[in-house]
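Hi,

Here is the structure I promised to pass on. Have a look at it first, and my notes follow below.

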Amino acid sequence: VKRFEELVSCGFYSNARFHRVIPGFIAQVGIAADPAVYAKWGNSPIRDDPVKAKNEPGTVSFAMRGPDTRSCQIFVNYKDNSADLDSQGFSPIAKVKEGMDVIIALTVPGGSGPDQPTLKERGNAYLDEAFPGLSEIVEAKKL
């Protein structure tokens with residue numbers, strides 16, 4: 001949770017776009033609009049937290065590529081994914097309290113969606129050219 005708070009506090013998620021949506025599974029965000037900002041946080045992984053909650057609908061977890069590779073990409077579970085994700089170490093850090101209908105309505109046009117390495121390198125400039133109209137977080141802030 002500490003990393004998520006740091007990212008929100010520094011404005012990391014502001015203008016970040018939902019770049020990966022798998023209907024019936026998850027919606028993912030967390031590649032910063034500015035490549036320099038992503039480079040700072042995306043290349044600074046943190047250790048895994050123990051799984052203390054289930055990956056149920058509306059829970060938010062960090063994405064990862066394996067043990068201790070969480071950095072800044074997060075996803076919202078559309079359904080109960082606990083049978084698959086809990087045992088893989090995906091530890092929920094938050095839960096959507098309202099607006100889940102908006103998150104479920106997200107789409108990523110263009111088949112498989114943006115190429116993540118290109119997005120990391122070019123930021124929103126790449127999305128503006130190749131994937132206009134993606135939903136974005138206008139501002140993320142701690143209340």
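Predicted model: local features only at pLDDT ≥ 70, side-chain atom pairs only at ≥ 80, totals over all residues.

The lining of the largest pocket divides into 16 nonpolar, one polar and seven charged residues (Ala, Val, Leu, Ile, Met, Phe, Trp, Tyr, Cys and Pro count as nonpolar, Asp, Glu, Lys and Arg as charged, and the others, Gly among them, as polar).

Residues are numbered from 1 along each chain as its sequence is written, and side-chain values use heavy atoms, leaving out hydrogens and water.

α1 (2–9) gives the largest share of that lining, three residues (helices are DSSP runs of H or I, at least four residues, and strands of E, at least two, numbered from the N terminus).

Now to Ala 32, which sits in the loop between β2 and α2 (35–42). Is Ala 32 buried or exposed? Ala 32 counts as buried because its relative accessibility is 2% (buried means under 20% relative accessible area, exposed over 50%, partly exposed in between, with a 1.4 Å probe and protein chains only). Leaving aside residues up to four places away in sequence, Ala 32 touches Phe 12, Val 37, Tyr 38 and Gly 123 (contact means heavy atoms within 4.5 Å). Asn 124 lies 92 residues from Ala 32 in sequence, yet 7.9 Å away in space, C-alpha to C-alpha.

Best wishes
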